[in-house]
Each structure stands twice: as C-alpha cells, then as structure tokens.
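I opened the model today and kept notes on what I looked up.

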Amino acid sequence: MSVAFDDRPTETAPAPIWVEALPLADLQRKGRALVKREGRQIALFDTAGGVRAIANRCPHQGYPLSEGTLSESTLSESTGDAPCTLTCNWHNWKFDLATGAVIGGGDAVRVFPSEIRDGTVWIDIADPPASQRISRALAGLRDGFRDPSDDRIARDLARIEAAGVDPRLGVRAAIRWTHDRFRWGMTHAHAALADWLALADEQDDPVDRLVCVTEIVAHLVDDSLREDSYPYADGAEAWDEEAFVAAVEAEDEGRAIRLARGGLAAGGWSRIDRGLCRAALAHYQDFGHSVIYVEKTREAVRRLDGANDMPEHADGGSVAEPLALLLVRALIYGRREDLIPEFKAYRPARDGWTGRGRSPVKPADLCRVSVAKALARVSDGSADPQRCYDAVMAAAAWQLLHADPVYATRAEQPISRNVGRLDFSHAITFANAGRRIMARHPALAPDVLLQTACFLGRNAGYVDPAYPVERWRVTAPRAFVEDCARAVIDHGNPEFIVSAHLVKMTCAVREEIEAAPHASWVPDLAAALNRFLNEPFKRKLTRRVAYQARETVKSE
C-alpha cells in the first residue's frame, strides 16, 4: 500500500466542523447522552467541570463508554477544574474525561471539543491535523511497549493508517526504538520482517495488510521487552571490505560497527553488501542464520527505505543503520560450526574448490550421505554451479519430505539427536538466501553450495526413505503455495517464533518455485512445505528435558 502524504511543518489545523448534539437541559436532566453524527458515536457527560464529549467506544475492546461509571472529584479552588473519571464497566479501564488519557496506562479515548450555544450543546467533530494524529499514534505505540498487546499495537498502527500514512511508518519507528535492546544482534523478528512486508504489499484487503505490519512490530517488542540497552560503538571509519571481514572474524564488534557505518555513509547498503555476504559465508555458521539474516535484512531495507511516502520528520526514519548494526552484531557472535568435528571436512573442501569438477551432481547422491561425502559430491560438479544448486535444493526438499518424526519427539535420546523440522527447513531457507547472494556475487557460489551440502550431510542420518509421503503431495504446486502464502497471514499461532518460521519457509518455497517453476524438485518442495505447515508437532518436550537433564548430571 502506498498513500501520498503531505506533512509540511506549516500544516494548519483543519476548520472546525461544529454539529448540533442536543439541548443542554436534556443532557443535564439525564447526566449523559449518546449521539450519532457523521458515522461517529459520541458520549456526552454533564460534569462539574462542564460538558465532556468523548468517542463512545472504549479503545480497549469497543464497549460503550456511555454505560460507564462516572466519578467526580471536588472542584479545585486554584484551577477551577473538577477532575472527572469515567470507568468502563466491562474491564475497569479508567479515563480522564478532560484529556481522554487512561489512568494507569493504555491507549487514550478521543475527546471532542464542545461548547454551549443558546442552550444547545454543540461538538466539533473535525479531525486534528494529520501530523498531530500521527505523532499521537507513534507516542501511543511506544508507550504500549511497556506492557504490549497485539490489539493495542494494531490500534495504533491503524491510527497511523487512518491519518493517511502507510503503517509501515510504525515498523520503521519500532526498529529504531528497539535496535539497541538485542545483546546478540538480530533475532527471528528481524529475519521474518522482509517476508511479512512482502505479504503486506500483495494484499488488497487493508485488514490483511494491518495483520502483517502488526506481526512485525509485536514480534520486535516481544523479543526486546524488558531488555537492557546494549549501546553500539560510536564513530565511523572509511569502508574497507577486507578490514570489515577481518573484524568480524576477530569478533571485534567496535571496529566492524564503525566500518559498516562508514560504508553506509559512503554508498548505502549496496556499498557494504558484498562484505556482509562474505562475512556471513566465511564459515558454515550459526545454523545458517547468518546468511539468511544478511539477505532478509537487505530486502527489509529495500522495502522500508525505498518507500517515498513517509513523513520525513516523523520518528521512524531510515532503518539502514539500525538494521546494519543489528546484523553486524549477529555476525560477530554467530557460532562457527565448521570448527566442530561434525563439519571438519568443510574447510578442506572449500580450500580445494577448483570450479572445474565436471562430474554431474544428482540429488540421489546427496540425500543419504555423510557431510564429507556430500561436500565431495558437490565439489565434483563444481564446473556447473546451477546444476549443483538444483541438486542440493532437490535433496533438501526430499529430506524434509522424508524426515523421520521419531527424532523430533522421542524423549530418551542424546541431545545430539534432537533433530526436528527446523533442521530440515533451514537447508531450504538457507539455499533460498544463498541463491540470491550467488546471483549478485558469483564468486561466493562455492561457499553457498558447500554449506548447503553441510546441511544435507548432517540431516542425512535422520530421514526415513519409507516414510509415507503421498499424504503431502499436491496436484498444483504453484497454486498450492500461493494459497499457503494467503493462509499464513491468519496463522493462529501465539508464539512469534513459530509464525516467523511459517512465513519465512512459505515465502522461501514460493520464491524458489517462482524462480524455477519447471525444476524437477518443485513437486517435492511443495509437498515438503505442505508437511512443514500442517504436520502437528510438539512445542514443549517436557519428558525429553527431564531425561536429558538427568543424563547430563550423571556425567558430572
């Protein structure tokens, strides 16, 4: 959604729109009244401080405030005001009728100016200036971070939208407000951000668009809630790609941050893109998150900073720097998994890559072999990176489709065998991000292909070739995946980490099928997505935790 918005500093308040409400005598006799004007329900109250007019619907859940309980204090001799509180009887929200503010916290109710003319109550229903409405909505959004709820976040984002601005403004603000609250860098809240934005841009229904934007902000808040501030290093250095990659390798966060800032200042995201990709692919690391984060962050910056319909002065400006800082921090602290014995064959395979291997790679060569053999087979086909990619994607789809569910739920097994659906799906989301990186930086193709092979070799021991996959087959893969993309908007999962993986996987599969609709692996990939989205799974394995805790203690 793109809505033009002219928010100039010289914006003037709109002309009042005074409408007649009711005779003052009627209001005084009843003490309160409900009037409907221009599609609005407005509750009026006769108080010691004068007539008060507010929106009738409680912002909490929409119940009528005209049915609330009024409580007035004694008239103040110094100010002449009589504080007046209205309590919504449904959930005990209390509003100051003079300002609309919630006593104890919450989003305020709208207050309408009123005046008495010749014994009749008139109310001004003109909307405040757009800039004022946006500022109030942003202030409410930030205030709500202290005790967040999806419904309040959605309301404040809807208020931004109602003022004529894309609610993505709230996303940009939330990124800036929270980016220093992540001790180890970005989380799945940031990784899923680009995909939620992509889905939002596709929706014709404004409700569905608001769902996507609310999901982003609510996840950012949930992951940063009550966290301390972890400031980033100050300053900037002239961009030097080699120095940046070396700083990440040395886990020198301060220098890496300064270099990234310098690169952004000199040439924007495109200036630092290759260095970020190189740092993410320098190791097989962090369960593939590093590569996924790099690509998803690039896409998020493009979608958010590429919008030209945001008020320049409003909080929530460019997100390139805060997202870059989060990403660099995540790269610094990513686990280097190719340094553990399971993946010790990776470095020799990468160092020995020639790009001249002409032995065609077949998916069957990769589905059920060790890490070392998977690396060797991909290296043997190094002369044809596209064929290698098709083979690793086909093998990743086959493995997810044939994943043995026993390992995902069995309690009495060592920790090293705790292998579930994410172990398999990450091979696909990693390959999806890697394919995009290879297109921009072909020299990084060996890293992408060999690291995908590491996923395949690791997962090979946890598949069941006899698993009954026919239940997951779909007849029209492209149509099925489009249906999944629409359905994920109303996912119904209370855990953000779950919805993040649902949207990431769905969008990755859809993108891969759109890029190669006739590839041999498309039917398996669509079926694998069907299984990923629809097979029931446990989110908490209480017996496993207890069993493995006792086994660990035995060895102490």
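Entry 1. I started at Thr85 and listed its contacts, leaving out neighbours within four places in sequence: Thr69, Leu70, Ser71, Lys94, Phe95 and Ile103. I counted a contact when heavy atoms lie within 4.5 Å. Thr85 sits in strand β6.

Entry 2. I noted where the model comes from: it is predicted, local features need pLDDT of at least 70, side-chain atom pairs count only at pLDDT 80 or more, and totals for chains, interfaces and linings use all residues. Residues are numbered from 1 along each chain as its sequence is written, and side-chain values use heavy atoms, with hydrogens and water left out.

Entry 3. Which strands make up the sheet around β6? I found an open, antiparallel sheet of three strands in the order β5-β6-β7. Its edge strands are β5 (69-72) and β7 (94-96), and each of them pairs on one side only. The twist averages 25 degrees from one strand to the next, with axes fitted as lines to C-alpha atoms and angles running from 0 to 180 degrees between N-to-C directions. Two strands pair if DSSP finds at least two bridges between them; β6 (residues 84-87) and β7 have three.

Entry 4. Thr85 and Arg183 are 98 residues apart in sequence, and their C-alpha atoms are 42 Å apart in space.

Entry 5. I moved to β2 (residues 32-37) and β3 (residues 40-47), which run antiparallel and are joined by six bridges. Arg37 stands opposite Arg40 in β3. What do β2 and β3 form together? They form a hairpin with two residues between them, and Glu38 in the turn has a positive phi of about 50 degrees.

Entry 6. Last, I took the whole chain. The protein chain has 22 helices and 10 strands. Its C-alpha atoms fill a box of roughly 95 × 55 × 55 Å along the principal axes. Of its 556 residues, 53% are buried, meaning under 20% relative accessible area with a 1.4 Å probe, protein chains only. Among contacts with a separation of 6 or more, 73% join residues 24 or more positions apart.

Definitions and conventions: Helices (H or I, at least four residues) and strands (E, at least two) are DSSP runs, numbered from the N terminus. Buried means under 20% relative accessible area, exposed over 50%, partly exposed in between (1.4 Å probe, protein chains only).
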